[in-house]
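These are my notebook entries on one structure.

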Amino acid sequence: MAGEPYYITTPIYYVNDVPHIGHAYTTLACDTLARFMRLDGREVFFLTGTDEHGQKVEQAAKAAGVAPQDMADRNSERFRALACDMGYTNDDFIRTTEERHARAVQHLWRELAERGEIYLGKYAGWYSVRDEAFFAEKELIKGPNGKLLAPTGTGAEVEWVEEPSYFFQLSAWGDRLLAFYDANPDFIAPDSRRNEVVSFVRGGLQDLSISRTTFTWGVPVPGDPAHVMYVWIDALTNYLTAVGYPDRENKTFSKFWPANLHLVGKDILRFHAVYWPAFLMGAGLAPPKRIFAHGWWTIEGQKISKSLGNAIDPYELVEKYGRDQMRYFLLREVPFGNDGDFSRAAMVQRVNGDLANGIGNLAQRTLTLIQKNCGAAVPDPGAMIDDDRALIEGAAGLLPGLCDHMSRQEFHKALQVILAVVGEADSYIDANAPWALGKTDPARMATVLYVLAETIRNVAIVLQPFTPDAAAKILDQLAVATDSRAFANLGEKGALVPGTSLPAPRGVFPRLEAEPAV
Ligand code: MSP
């Protein structure tokens, strides 16, 4: 796969509100994959951005007494700053109010219209502004006070909408979508979500309303500006805009489309796995290769909502626990795809157990011993025995398994296999007790410490996508040059050179203090 382009996207975030930890999570997962693929030698395009049109943003702006564009400008900037402050490595940040995007989405509309996929009619049905989604009556849930609610878990009330509307002929796409899912078994993940989508499509699709006339905050429909486009056709098209659509001959477009992965939350899977491939195929474009729907986080058992205040502010959490610690916890704590609960107790336990007592302690012990007993330089190993080789090879040979896990977005499993090597290195250091060898067998001590240092180097290289700051600190302490940190340097090719002088060691994962849950 090395050298192959890799295009990965986050959903674009609504600008009716400021970012919270749920948003940071989606982008974090993409960032980890983007970093992994770059280190694996692939040419990566990693996209994030903001979704700025639609009724929800218009209503929020009205309630705040500001123009929608002003609200969009202000909050989009918060999402951009978050990506920067979290150290996310996105290659572009798209806003749907940009001129390049209006051009793309209007072009897509025209392509669909020319192919007979769009007709003018009248919508009469239920709509949830919070979800920006239409629902059939049979899907709705009755709330405690008899009010009808969207079935999405947002608890949003639906409202009855009746207005002239353009429709996309989604009803004609059912069989083609099912055939597409069949031919592309990896298109929707995890499997449980795939089954939900397939049964939704099997249940029969209604034509989809794709324009609105009762408000104006959107991209005008070409040739009929009394209509603005439905925010989801507008939003989904961002994935095309960023790689240069409508210019299909464009080098970026031909290199990166179709996208390798749209990573989304479970709440927005239907838009990505049903509507989006139908729009694309309807316009003669290839659908993306894969859609992965991750789960939702709660905080100390509670749904994320504004009333949780600081508990959901990514800045506060990072300040309290550290950027790498947050990344590690979110990616390791639950199998990616499942829901998770963020609790302070779980966070402290995970970080202390796996990071402070695990890789942090291993690196610190090894580097301190080298500093004291080997003249602060990479030790010169003698002949290796089977146990030595097994440890180094276990670390150097992690990559194929990791590639497998990452191609399925199994972050937790990738981290488990890396941490298993750390566990083996801990057993090795205890069994070989290099601190005692200094006096009895200095040559063997040098070999043992070299084996440990080389194991740590390999582990730190593969940890870079997950805990980039700490991995970089470990590699700095091993004097590994910044251009020798890609996966191609795993194993013998990049092996530490005996005699290289090393800086004084310093801890990379301080222990977190246990604290009472709130
Ligand atoms: N604007 C649409 C997406 C358009 S993509 C073409 C949207 N925006 S959103 O801001 O409401 O949500 C963006 C992402 O944040 C979704 O993937 C959603 O699942 C995720 N999360 C929002 N709250 C979350 C949690 N509590 N936990 C995990 N992720 C959550 O939908």
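The entries below follow that order.

**Ground rules.** I worked on a predicted model, where local features need pLDDT of at least 70 and side-chain atom pairs count only at pLDDT 80 or more, while totals for chains, interfaces and linings use all residues. Residues are numbered from 1 along each chain as its sequence is written, and side-chain values use heavy atoms, with hydrogens and water left out.

**Ligand site.** The ligand is surrounded by 24 residues, and Ile-12, Asp-51, Gly-265, Asp-267 and Trp-297 are the closest. I sorted residues by class: Ala, Val, Leu, Ile, Met, Phe, Trp, Tyr, Cys and Pro as nonpolar, Asp, Glu, Lys and Arg as charged, and the others, Gly among them, as polar. The shell then holds 13 nonpolar, 9 polar and 2 charged residues.

For secondary structure I took DSSP runs numbered from the N terminus, with helices (H or I) of at least four residues and strands (E) of at least two. At least two shell residues come from each of strand E2 (13–14), helix H1 (21–39), helix H7 (231–236), helix H8 (238–241) and strand E15 (261–265).

Next I listed polar contacts, which are pairs of N or O atoms within 3.5 Å; within protein, one must be able to donate a hydrogen and the other to accept it, and residues adjacent in sequence count only if both atoms are side-chain atoms. A polar backbone atom of Gly-265 lies 2.8 Å from an oxygen atom of the ligand. For Tyr-14, a polar backbone atom is 3.2 Å from a ligand oxygen. A nitrogen atom of the ligand is 2.9 Å from a polar backbone atom of Trp-297. I also checked burial: the ligand alone exposes 670 Å², of which the protein buries 95% (Shrake-Rupley areas, 1.4 Å probe).

**Second largest pocket.** The search used a 1 Å grid over the protein atoms alone: a cavity is a set of points where a 1.4 Å probe fits but cannot get out, a pocket is an open set with protein on both sides within 12 Å along at least five of seven lines, and lining residues have an atom within 4 Å of a point. Grid points are joined across faces, edges and corners, and a volume is the space filled by probe spheres set on the points.

The second largest pocket holds about 690 Å³. It has 34 lining residues, with Asp-186, Arg-290, Ser-407, Arg-408 and Gln-409 closest to its centre. By class I noted 18 nonpolar, 6 polar and 10 charged residues in this lining. H1, strand E10 (188–189), helix H15 (399–407) and helix H16 (411–432) each give at least two residues to it, and the largest share, 4 residues, is from H15.

**Cavities.** How many cavities of 30 Å³ or more does the whole structure have? I found 3.

The largest cavity has a volume of about 80 Å³. Its lining includes Ile-21, Tyr-25, Met-86, Arg-323 and Arg-327, and H1 and helix H12 (323–332) are the elements that give two or more residues to it. This lining has 9 nonpolar, no polar and 2 charged residues.

The second largest cavity has a volume of about 60 Å³. Among its lining residues are Tyr-13, His-23, Thr-27, Phe-79 and Phe-93. H1 and helix H3 (68–85) each supply at least two residues, and the classes are 7 nonpolar, 3 polar and no charged.

**Ring pairs.** I paired rings of Phe, Tyr and Trp (its six-membered ring) with centres within 6.5 Å; planes under 30 degrees apart are stacked, over 60 edge-to-face and the rest tilted. The count is 30 aromatic pairs. Tyr-7 and Trp-257 are edge-to-face because their planes meet at 65°, with ring centres 6.2 Å apart. This pair links distant parts of the chain, 250 residues apart: Tyr-7 is in strand E1 (residues 5–9) and Trp-257 in the loop between helix H9 (251–256) and E15.

**Backbone.** Trp-257 also came up here, joined to Pro-258 by a cis peptide bond with omega about 0°. Pro-258 is in the loop between H9 and E15. Another cis peptide bond joins Tyr-245 and Pro-246, with omega about 10°, and Pro-246 sits in the loop between H8 and H9. Last, I noted Glu-300, a residue other than glycine with a positive phi, near 45°. Glu-300 is in the loop between strand E17 (297–299) and strand E18 (302–303).

Key: A residue is near a molecule or strand if one of its heavy atoms lies within 4 Å of it.
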